Amino acid sequence: MNTQFDYKRIETGLSYLISSLLSIAVALIISSFILLGQGKDPLQAFSLIFQGGIGDMAAFGASLVRACPLMLAALGIAFAFKAGIYNIGAEGQIYLGAMFATWVGILPLGLPKIIHLPLAILTGMAAGASWAFIPAYLKVKKGFNEVIMTILLNYIGVYFVNASVHSYLQEPNGYYPQTSKVLETATLPKLMANSELHAGILLGLIGAVILYVILQKTDFGYQLRCVGSNPEASRTSGMNAKLTLIAAMLVSGAFAGLAGASEVLGYQHLLLENFSPNTGYDAISVALLGRLNPIGVVIAAIFIGVLRTGANTMQIMMGVPVTIVYIIQAIIILCVLAFTNWKLDLSRFFERGAKDANSKLANRS
Amino acid sequence: MNWKKLLAVMLLGVFTLGFVVGCGGSNSGEQNGEQSEQPAGEGGDEPLKVALLTEGAVNDGGWNASALRSLNAIEEQFGAEIAYTEKVERAQMEQVLRTYARQGFDVIFGHGFQFSEPIETVAKEFPETKFIAVNGYVSGDNYYSTNFKFGELGYFTGMTAGLMTKSNVVGMVAAVESPTVTADVDTFIQGAKEVNPDVEVLVSYVGSWEDIPKAKESAQAQLSKNADVILVMGNSFSIGVFQACEDAGAYSIGWVDDQSSMSDTVITCGLQDVGTVYLEMVRMAKEGTLESKVYNFGMNDNNAQSLSPFSDDVPQEVQDQVNQAIQDYLDGNLTLDLKY
C-alpha cells in the first residue's frame, strides 16, 4: 500500500514538472517567433524577463508586490471553484474591499496601529464578503446563475468605487479624483527598503496555509469538496450543500476584499479610479494555473508576478511595444494552462510498475 | 504504444531541458556584453536620456499621443536618447520608474497626475535623476510637476460660443467632472455670459475620455435643446460630437489639438500644447534651472495654451473681439478668475 502511494506522488510531481517545463518551452518558442518578427533578439528578451523578474532582491520584491493581490484574490477564487460555485466577481469584490479599507484607513479614529490596521483590513474583507454574499444568496435561494450575477456585480462594484472617488471619498481639497492618504496607523508595514514589498504577501502565505488546512484537514473542507464534485450526492447523504456554497462564497469574497485592502493599505496608500484594473480576472487564470490548490495558487501568483515585472523590464530595455509584451504573457499563460491539463501517459507507466510490484508482493505471500 | 508515447515525451523533455539550459547559458553572456556596451556608448558624447511613462496607449490620438509627439520633439531638438512605456497601470508605476532611473535616464516624465505619488516615492531614491509629473501636484529636490493654467481657454472659447450662438443656447460636452476640467467649465460659462447675458449653457459629462458614442449622444441631447455651438472638452471622443453637430448643422469648438481638419463645423479650438511643456521642462533640466515647484503653463508661457485660427464661418467682428480680449489678457489688462 505504502509503495503504491509513493508512486502516485512521484507520478503527479514528475508529470507536473515535465508538463510545466514543456509548456514554458513551447511558450518561449512561439514567443521567439513573435520577437524575431519584431526584429528583436529573443534570447536577450527572455534573459531580461528573468533578470527583471528575479534578477536581484529589488526585482523579486517588485514581482512579489505584483503577485500579492493576484495571490489573495486567486486563493479565494480557487476556494469557491472547489465548492463548485464560479466566482467571477473577484474584480468587484477587490474594489469594494479596497474602498472600505481606505475609508476606515483615512478616518482619524486616533486608534493605535494594532487596532486601526486590523480594523481596516477586516472591514475590507467584510465588504468583499458582503458583495459576494449577494450572488451566493440569489443562487442558493432563487437559482440565479452565479457567473452572470458576479460578472454584472463587477460593473456595479467598479463603477460605484470610481464614482465614490469622484464624490464623497474625494480628498478634501478636491483637485484630483483620489482619496486622502491612508493614515500611518492603518498602513501595512514595508518588508524591504527601496521596494514596495509590504506585509500583504505574508497575509497571502498565511491565508494559503489556512485554506489548505481547511480544505484538506477539516470536516468542512471535506464537505466543500464533496459539494463541489457532486452537489446532489452530497445533499442526499445529509450535507447542507446550500450553506456550504454560501460559506465558500463568503470566504472567497473575503479574500478578494483582502486583496484590495492590502493593495491600498500596503502599497498604493490612497484610492484612485481603476486602481487595479483586471486583477480580479487575472486572478482567475492564476487560480486555474495553480490547479485550485492553495499552495499551487501561491506558486502561480509569484510566477505571474515575476513574468509581469520581468516583461516590463524587457519592454523598457529593448523597446518592444507593450502590446507584444501582453501577447507573450498571454501565450505563456495559455501554454501553462494547456499543458497542466494535459495528462501525461506516465501514469500508466507507473501503474504498470506498481502492478508489477503488487503482483510480486502477492506472489511472495 | 505506451512505450512509444513515453519515449516521445521523454525526448521532448530532454529537448526542453536542453533549450532552457542553453538559453540560460547564452543569456548571461549576452547580458554581460550588453551591460559593458552601455557605459562605453555613454562615455562618448553623453546624450541626454529622456524617458516617458503613460497610463494609456500612445496611439489614442489624444492625451497620450501628445506625450509621444512631445518626446519625439525632444529627441529632435536636444538630440536626446528617448524611450517610453505605455499602458503603465498604477501597480507598476514605481517599478517602471525605478527601472528607467537605474538605466541612467536623466529626465523621466510621468504623463498624468496619477504619477505624482509614485514619483514622490521613487525620486528620493535616485537624487541624480529628474522626475516630472505632467499635470501632477508633487515637487521636491529632484522632482517637479507641471500644469496648464486651466480656465484660460474656457473663458475665450466661451466668449466665442456666446458671440456665435443664435439660439442663445450653447453646450459643453466634457469628459469627467474633475477640478482640472471644471475650471474650464466655470470660465466657459463666465466668458459666454460676459458677451451674451441671455445665453444658457448646457454642460454634460461623458464620464470617460474615450467614449465616442456616448459623447455623440450627449451632444445630440444638447442639440435637441436648441444648442447651436458645442465645445467638446475631451479629445479622443471629439469626433462623436462633431458628427452630431454636422447632422444638426451646428458649430463646434475643439479641444487640446487643432481639430479643424476633422470637421467643417469646427470654428476654433482651445489648444493645450503639451509639446511646449515638455520642451521647456527638458530645456530647464538641461540648464539645471529647475526649481522644486509646480510649474503652471498658460497663454503667456511660449503659447503653451492658445486658440487655433478661427474658421471662415466666424464673422470678422467676433474674431476681433475675442482676439482683443486675448490681447488684453496677455497684456495684463484683463484678469480671469483662475483656480490654477
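A residue counts as buried when its relative accessible area is under 20%, as exposed when over 50%, and as partly exposed in between (1.4 Å probe, protein chains only). By that rule B:Glu117 is buried, because its relative accessible area is 12%. This is a predicted model, in which local features need pLDDT of at least 70 and side-chain atom pairs count only at pLDDT 80 or more, while totals for chains, interfaces and linings use all residues. Residues are numbered from 1 along each chain as its sequence is written, chains are lettered from A and ligands numbered from 1 in the order in which they are written, and side-chain values use heavy atoms, with hydrogens and water left out.

**Chain B overall**

- Chain B has 10 helices and 12 strands; helices (H or I, at least four residues) and strands (E, at least two) are DSSP runs, numbered from the N terminus.
- Chain B has 340 residues, and 56% of them count as buried.
- The accessible surface of chain B is about 14300 Å², with 49% belonging to carbon and sulfur atoms; such areas come from the Shrake-Rupley method with a 1.4 Å probe, and for residues only the protein chains shown count as cover.
- Of the contacts (heavy atoms within 4.5 Å) in chain B between residues at least 6 apart in sequence, 66% join residues at least 24 apart.

**The sheet with order 2-1-3-4-5-11**

- Six strands of chain B form an open sheet in the order 2-1-3-4-5-11, with parallel pairing; two strands pair if DSSP finds at least two bridges between them.
- Strand 2 and strand 11 (294–297) of chain B are the edge strands, each pairing on one side only.
- On average, neighbouring strands in this sheet are turned by 20 degrees against each other, direction ignored; axes are lines fitted to C-alpha atoms, for helices over the stretch in contact, and angles run from 0 to 180 degrees between N-to-C directions.
- Strand 1 and strand 2 of chain B run parallel and are joined by five bridges, and B:Leu53 has B:Thr85 in strand 2 as its bridge partner.
- Six of the six residues of strand 1 of chain B are buried: B:Lys49, B:Ala51 and B:Leu53 point one way, B:Val50, B:Leu52 and B:Thr54 the other.
- Strand 4 (residues 130–134) and strand 5 (residues 143–148) of chain B pair in the parallel sense over four bridges, with B:Phe131 opposite B:Tyr143.
- Helix 2 (residues 63–78) of chain B lies across strand 1, strand 2, strand 3 (107–111) and strand 4, and runs at about 175 degrees to strand 1.

**The sheet with order 7-6-8-9-10-12**

- Another open sheet of six strands in chain B has the order 7-6-8-9-10-12, and its pairing is mixed.
- Strand 7 (200–205) and strand 12 (305–307) of chain B each have a single partner strand, so one side of each has no neighbour in the sheet.
- Strand 9 (residues 251–256) and strand 10 (residues 266–272) of chain B pair in the parallel sense over five bridges, and B:Trp255 stands opposite B:Gly270 of strand 10.
- Helix 6 (residues 179–195) of chain B packs on this sheet, touching strands including strand 6 (169–174) and strand 8 (229–233), and makes about 165 degrees with strand 7.

**Salt bridges**

- The structure holds 15 salt bridges over all chains, each a side-chain nitrogen of Lys or Arg within 4 Å of a carboxyl oxygen of Asp or Glu.
- B:Glu117 and A:Lys181 meet in a salt bridge (3.1 Å, N to O). B:Glu117 lies in helix 4 (residues 116–123) of chain B and A:Lys181 in a loop of chain A, so the pair joins two chains. A:Lys181 is partly exposed, at 46% relative accessible area.
- B:Lys49 and B:Glu81 form a salt bridge (4.0 Å, N to O). B:Lys49 is in strand 1 and B:Glu81 in strand 2 of chain B, so the pair ties together parts 32 residues apart in sequence. B:Lys49 is buried at 5%, whereas B:Glu81 is partly exposed at 38%.
- B:Arg283 and B:Glu280 also meet in a salt bridge (3.1 Å, N to O). Both lie in helix 9 (residues 274–287) of chain B, three residues apart, about one turn of the helix. An α-helix has 3.6 residues a turn, so residues three or four places apart point the same way.

**Helix 4 of chain A**

- Helix 4 (residues 90–106) of chain A has 17 residues, of which 15 are buried, so the helix is largely enclosed by the rest of the structure.

Definitions and conventions: The expected span of a helix is 1.5 Å times one less than its number of residues.
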